[in-house]
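Take a walk through this protein chain with the model open beside you. Start with a single side chain, then work towards the whole.

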Amino acid sequence: MWSSQGTAQPAPQQQNQQQQRTLGLTSAITLAGPKPIDYQKTNELVETLKPYNVMETEEELNHRMEILSKLNSLVKEWIREVSISRNMPESVANSVGGKIYTFGSYRLGVHHKGADIDALCVAPRHIDRSDYFTTFFEILKSHPEVTDLRAVEEAFVPVIKMNFDGIEIDMLFARLALKEIPDSMDLKDDLLLKNLDQKCVRSLNGCRVTDEILRLVPDIENFRLTLRTIKLWAKKHGVYSNVMGYLGGVSWAMLVARTCQLYPNAVAATLVHKFFLVFSQWKWPQPVLLKQPDQVNLGFPVWDPRVTVSDRYHLMPIITPVYPQQNSTFNVSASTRIILQESFNNGLAITDEIFNGKASWDKLFEAPNFFLKYKHFIVLLAKSGSQEEQLEWCGLIESKVRHLVGNLERNQYISLAHVNPECFPGPPPPPGESQGPTSMWFIGIVFRKQENLNVDLTYDIQSFTTSVLFSVHRQASAIKMIKDSMKIEARHVKRKQLSAYLPAHVLKREKKVAGASRNSTSPPIRKNGVTAQPPPPVIFDATKKRHSDSSLDLLQKKQKLDQTLPEMDGDTPMNRIVVSCGEDSNSSLSAEEHNRHHEILDSSKTTLENKKANNMQEEVICL
C-alpha cells in the first residue's frame, strides 16, 4: 500500500516521507500536508508572538556569537598555557585544542530576548576540573567584560556563572579521555563517555540531548516556532519549572519534538493544536520517548523500570534520547501532574476555538489568576540579611519546596497542593521597622469536601522544616554560605488576607470579583480601625539547634552529635497551623474536577505505599 501511494508522488517527496516515518518509536499519525487555513493561522501566530519578545534581532544574535567566539578563544588560550606549564612542548600545546559548546534554548534556537546561554567547556585529558575552577576562573575574573562572576564547584553539576558583556552565561566543564579536542569534535559518540566520572557525564548530557533532539525532528523551523509558542504558554500558565515539579525546558522540547514526529508535514499552528490534542489524551505514566533507547553498557545508570524499582513510580516520564537515558521529569508529583493535565485540556479547548475562528492566539497566552482559584494558601517566606545572601538562600529553598508539596499531598484531607512557581518579593515591614530582603512562594490548597473539619498542618510543615531544611543546612554549610540572618517562615493564609502580602496589580482580577473595597494597595482595615496584620508566622532559624522531639528520634539517630538542625526562632514550641474547613474550604473547582483530583491523588498515594512496602521487602532480602 505504501509503495503504491508513493508512486503517485514526486521521488524527492516519497523519499522524504519514508525518512519521516522512521522518526520516533511509532509511525506518523498522518503525513497530510498543510492547508491554506494552517498557513493563515501560522502567520497570525507569528504576529501574536512579536510583542512577547520571544525572538531576537539579527544584531542581538550577532552579539551572542561574538561573545561565544571570545569565550572560545579564552578557553583555547587557557588550555595552551596550562599545557605548557606542565612541560608540554609548545608545538604540541598549540594543537591540543579545547572548545566551547552550547546547549539548552540557545542551541535549540528558541531563546528569547535577554535569555542566558548554557555553555560547556570541553578540555583534553590533562586538564582537570580543579584547573577550571582555579586558573580559568582567575582569567575570567581579570577580564574587563566579565562581571557577576561566581563559581558553584560543589553543585550536582559544577558550574561557573558570569555576565559576559551583558549576556548571562552558565558554563559547565567536561574533560574527555582524549589527547586533543579538535574544532570538528562531535559529542554524539557514546564511547566518548568511557572512563569519565559522573560529573563529566552530566555536563556532557546537556549538549548531547539538545543535539539529538534536533536530529530527531522532521522540520527544524516548524519545531522551533512551535516550541517558542509552547514555552511562552507554559510560562504564562505557571507550569514551566523543573525544580518546582513541573516541566523544564528540555522536557517541553521533547514533547514538542514528539508531536513533530507524529505530524511531520504540519506547520507550526497545526503542531501547537496537535500538541495539546496528543498530551491531553496521553496515558501517563506511559513514557514519552523520541527513539528506541541505545543499547550501550558503560556502567552508568539509565532509566529502566524493568531493572530499577524507583523508576516504576515516576508519574510523567519523559526520557532523554541519548545514553545514559534519564527521566527529565522525576520531580513531577501527583498535584503537579493534575495541574499539567488540566493545562493541556485548557490549551486544547482554546486552540479548538482558534481554529474555529472563535478566538485569537492572544487567548492562549492569557495568564490565569492563581490567587482567585483557591481559598486557602500556604505561604513560604525566605529571609536573609542582604541581597547577595538572599540570592543563594532563595536558590536553596526553592529547590526544596516540592518536598513540602509532597508532605501536603500525603495528608488525607488534602486533595491538591498547587505550588505557584513564581517567586514574589515579601510584604513591606510594619511602620518604623526594617527588615532584610524577603521572598515568598504560594501553595494553593484544596481540601476534601467534609463538614466541620479542622485540619492540622503543623506536622506537614514541621516535617518539611526538620528533614528538608536540615539537608539545606548541610548543603549550605558545605559551601560555607550559611548566615545567622537566613530564616524561613510558613504561614496559612486565606484568600481575603492576600492583600497584606501582594500588591493590587497581582490581585486585580480578584478585586473585580471581591468588590471595590479592596482596590487599595494598603492592608485591609478592621472594624475597630486596626490595620490587619499577616497571621503569626512559624519561623525556622537555619542556624540554631532545635530541642529534642520524639517525632525526630529516627532522624536524630542518623546524625552526628556535632550536627545542628534548623529550628524555630526562640525556645517556645512551634505555633500550630490548624485550618478550619467549612463550606468555604475549597476552591471554585467543579465537583468533577474534585473527583478527578481525588482519584489521581489516591492512586499516587497507593503507589507510594506500595513503593515503601517493596523497598522494605528489598531491604529485608538484602539483610
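Predicted model: local features only at pLDDT ≥ 70, side-chain atom pairs only at ≥ 80, totals over all residues.

Over which ring does the charged end of Lys235 sit? The charged end of Lys235 sits over the ring of Tyr240, 4.9 Å from the ring centre.

Now step back to the whole chain. The protein chain has 623 residues, and 49% of them count as buried. Its secondary structure comes to 19 helices and 14 strands. The accessible surface is about 30,100 Å², with 51% of that belonging to carbon and sulfur atoms. Consider the contacts in the chain with a separation of 6 or more: residues 24 or more positions apart account for 74% of them.

The largest nonpolar core holds 104 residues. Within this core, Phe223 and Trp252 touch the most other members. Setting aside residues up to four places away in sequence, Phe223 touches Leu108, Ile213, Leu214, Val217, Ala253, Val256, Ala257 and Cys260. A second, separate core has 29 residues, among them Val82, Phe133, Phe136 and Ile167.

Helix α10 covers residues 249-262. Its 14 residues should span 20 Å at 1.5 Å a residue, and its end C-alpha atoms are 20 Å apart, so expectation and model agree. Of these 14 residues, 12 are buried, so α10 is largely enclosed by the rest of the structure. The buried residues include Trp252, Ala253, Val256, Ala257 and Cys260. Arg258 and Gln261 are also on the buried list. What covers them? The cover for the buried residues of α10 includes α6 (104-108), α8 (198-215), α9 (220-236), α11 (268-280) and α12 (334-355).

One of those covering helices, α12, can be checked in the same way. α12 has 22 residues and reaches 32 Å from its first C-alpha to its last, close to the 32 Å expected at 1.5 Å a residue. After α12 comes Gly357, with a positive phi near 75°.

Turn to the aromatic rings. A search of the whole structure finds 28 aromatic pairs. Take Trp78 and Phe136: their ring centres are 4.9 Å apart and their planes are at 45°, so the pair is tilted. Trp78 lies in helix α4 (residues 58-85) and Phe136 in helix α7 (residues 129-142), so the pair ties together parts that are 58 residues apart in sequence. Both residues are buried.

Phe275 and Phe279 form another tilted pair, with centres 5.3 Å apart and planes at 55°. Here both partners lie in helix α11, four residues apart, about one turn of the helix. Phe275 counts as buried because its relative accessibility is 0%. Phe279 counts as buried too, at 1%. Ring pairs link Phe275 and Phe279 into a cluster with Trp233, Trp252, Phe276, Trp282, Trp284 and Phe344.

The peptide bond from Tyr323 to Pro324 is cis, with omega near -5°.

Asn53 lies between α3 (36-49) and α4. Its phi is near 55°, a positive value in a residue other than glycine. Asp165, in the loop between β4 (159-164) and β5 (167-175), has a positive phi near 50°. Asn53 is partly exposed, at 39% relative accessible area, and Asp165 is partly exposed at 33%.

Is Leu502 buried or exposed? Leu502 is buried, with a relative accessible area of 4%, although it lies in the loop between β11 (487-494) and α17 (508-514). Beyond its neighbours within four places in sequence, Leu502 is in contact with Phe371, Phe424, Met440, Phe442 and Leu507. Lys449, in the loop between β9 (438-447) and β10 (453-456), counts as exposed at 54% relative accessibility.

Notes. Residues numbered from 1 in each chain as written. Heavy atoms only, no water. Core = buried A, V, L, I, M, F, W, Y, C linked by side-chain atoms within 4.5 Å. Buried < 20%, exposed > 50% of the residue type's maximum accessible area, 1.4 Å probe, protein only. Contact = heavy atoms within 4.5 Å. Helix = DSSP H or I, 4+ residues; strand = E, 2+ residues; numbered from the N terminus. Areas by Shrake-Rupley, 256 points an atom, 1.4 Å probe, with all protein chains shown as cover. Expected span 1.5 Å × (residues − 1). Phe/Tyr/Trp six-rings, centres within 6.5 Å; stacked < 30°, edge-to-face > 60°. Lys NZ or Arg CZ within 6 Å of the ring centre and 35° of its normal.
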